[in-house]
Amino acid sequence: MPVTDTWQRAAGIGVPVLALNGSLESPDHLGMAERLIRAVPEGRTATVERAAHYPGMENPAAYNAHLRTFLEQVTG
């Protein structure tokens, strides 16, 4: 089932968002992540080196480090 109004609904996200991108990700996916973080009040992005579309599987140590930092920032 197609999801409609995705970008309009994204603006209603009321929690911080982290877009974790692989450094080898395709430009169209990087563009969507950038668009998402601009659409939400507290959008952030981070890049996982030596990873593409599945950074959590391709470089889990770097992925977890970025995620840990983000969670520490948003929880104080």
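1. Two strands pair if DSSP finds at least two bridges between them. Helices (H or I, at least four residues) and strands (E, at least two) are themselves DSSP runs, numbered from the N terminus. Strand β1 covers residues 17-22 and contains Asn21. It is joined by six bridges to strand β2 (residues 43-48), and the two run parallel. Between them the chain passes through helix α2 (residues 27-39), and this β-α-β crossover is right-handed. A crossover is called right-handed if, with the strands pointing away from the viewer, the path from the first strand over the helix to the second runs clockwise.

2. On the basis of this note: the model is predicted, local features need pLDDT of at least 70, side-chain atom pairs count only at pLDDT 80 or more, and totals for chains, interfaces and linings use all residues. Residues are numbered from 1 along each chain as its sequence is written, and side-chain values use heavy atoms, with hydrogens and water left out.

3. On the overall arrangement: the protein chain has four helices and two strands. From the N terminus on, their order is α-β-α-β-α-α. The C-alpha trace spans about 35 × 35 × 20 Å along its principal axes. Contact means heavy atoms within 4.5 Å. Among contacts in the protein chain with a separation of 6 or more, 67% are accounted for by residues 24 or more positions apart.

4. On burial: a residue is buried at under 20% relative accessible area, exposed at over 50%, and partly exposed in between (1.4 Å probe, protein chains only). Of the 76 residues of the protein chain, 21% count as buried. In β1, five of the six residues are buried, so this strand is largely enclosed by the rest of the structure.

5. On Asn21: this residue counts as buried because its relative accessibility is 9%. Its side chain makes a polar contact with the side chain of Thr45, at 2.9 Å. A polar contact is a pair of N or O atoms within 3.5 Å; within protein, one must be able to donate a hydrogen and the other to accept it, and residues adjacent in sequence count only if both atoms are side-chain atoms. Leaving aside residues up to four places away in sequence, Asn21 touches Leu30, Ala33, Thr45, Ala46, Thr47 and Val48.

6. On Arg50: this residue lies in the loop between β2 and α3 (55-58). Its relative accessibility is 63%, and therefore Arg50 counts as exposed. Not counting residues up to four places away in sequence, Arg50 touches Ser23, Leu24, Glu58 and Asn59. The C-alpha atoms of Arg50 and Gly22 are separated by 6.9 Å, although the two residues are 28 apart along the chain.

7. On backbone angles: most residues other than glycine have a negative phi. Arg50 is not a glycine, yet has a positive phi of about 60 degrees. Asp5, also not a glycine, has a positive phi of about 60 degrees. Asp5 is placed in the segment before α1 (6-10), and counts as partly exposed because its relative accessibility is 48%.

8. On helix α4: which span should its 16 residues have, at 1.5 Å a residue? The expected span is 1.5 Å times one less than the number of residues, so α4 (residues 60-75) should span 22 Å, and its end C-alpha atoms are 22 Å apart, which agrees. Gly76 follows α4, and its phi is positive, near 80 degrees.
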